[in-house]
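Open the model in your viewer and keep the sequence panel beside it. We will walk from one selection to the next, and at each stop you will see what is there.

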Amino acid sequence: MPVTNSKRTPEELAQLALRILERQILPLIHPEDEGKFVAINVGTGDFEIDPDDYAAVMRLRSRQVSAEVWLGRIGQPAAYRMRHGR
């Protein structure tokens, strides 16, 4: 996946993405989207939703190669969880 050089800090990217998520994306979400990944271009507000993180990002990047992408999971505080132990 191509890497873009962002002039924004990770914190700024997250703030922009969360604003887009709350205002533009969540009103369009269906119950079956819960737990799916959402890839957001923070520069344009364009997004992709998919159960597969890589698929969501690649579909977005196929349309907008230089997108500043933020990845989250619908209904979750973070895209990934780290578990300790088994």
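Start by selecting L13, A17, I20, L21, I25, V38, I40, V42, W70 and I74: these 10 residues form the largest nonpolar core. A nonpolar core here is a set of buried Ala, Val, Leu, Ile, Met, Phe, Trp, Tyr and Cys residues joined through side-chain atoms within 4.5 Å. Buried means under 20% relative accessible area, exposed means over 50%, and partly exposed lies in between, using a 1.4 Å probe and protein chains only. Now colour α1 (10-25) and β1 (37-41), each of which supplies at least two residues of this core. The biggest share comes from α1, with 5 residues. Helices (H or I, at least four residues) and strands (E, at least two) are DSSP runs, numbered from the N terminus.

Before going further, a word on how to read this. You are looking at a predicted model, in which local features need pLDDT of at least 70 and side-chain atom pairs count only at pLDDT 80 or more, while totals for chains, interfaces and linings use all residues. Residues are numbered from 1 along each chain as its sequence is written, and side-chain values use heavy atoms, with hydrogens and water left out.

Not counting residues up to four places away in sequence, L21 touches L26, P27, V38 and I40; contact means heavy atoms within 4.5 Å.

Next, select W70, which sits in strand β3 (residues 69-73). With residues up to four places away in sequence again left out, W70 touches L13, A14, A17, L18, V38, A39, I40 and V42. For a distance check, pick the C-alpha atoms of W70 and Y54: they are 12 Å apart in space, and the two residues are 16 apart in sequence.

Now turn to the charged residues. How many salt bridges are there by the rule used here? The count comes to 6, where a salt bridge is a side-chain nitrogen of Lys or Arg within 4 Å of a carboxyl oxygen of Asp or Glu.

One partner of E48 is R59, with the closest N and O atoms 2.8 Å apart. This pair links distant parts of the chain, R59 in helix α2 (residues 53-63) and E48 in strand β2, 11 residues apart. R63 also forms a salt bridge with E48, at 2.3 Å between the closest N and O atoms. R63 lies in helix α2 and E48 in strand β2, so this pair ties together parts that are 15 residues apart in sequence.

Is R59 buried or partly exposed? R59 counts as partly exposed because its relative accessibility is 31%. R63 is likewise partly exposed, at 43%.

Move on to D50, in strand β2 (residues 47-50). D50 counts as buried because its relative accessibility is 16%. Its side chain makes a polar contact with the side chain of R59 (2.9 Å). A polar contact is a pair of N or O atoms within 3.5 Å; within protein, one must be able to donate a hydrogen and the other to accept it, and residues adjacent in sequence count only if both atoms are side-chain atoms.

Finish at D33, which forms a salt bridge with K36, the closest N and O atoms being 3.4 Å apart. D33 is buried at 9% relative accessibility, whereas K36 is partly exposed at 22%.
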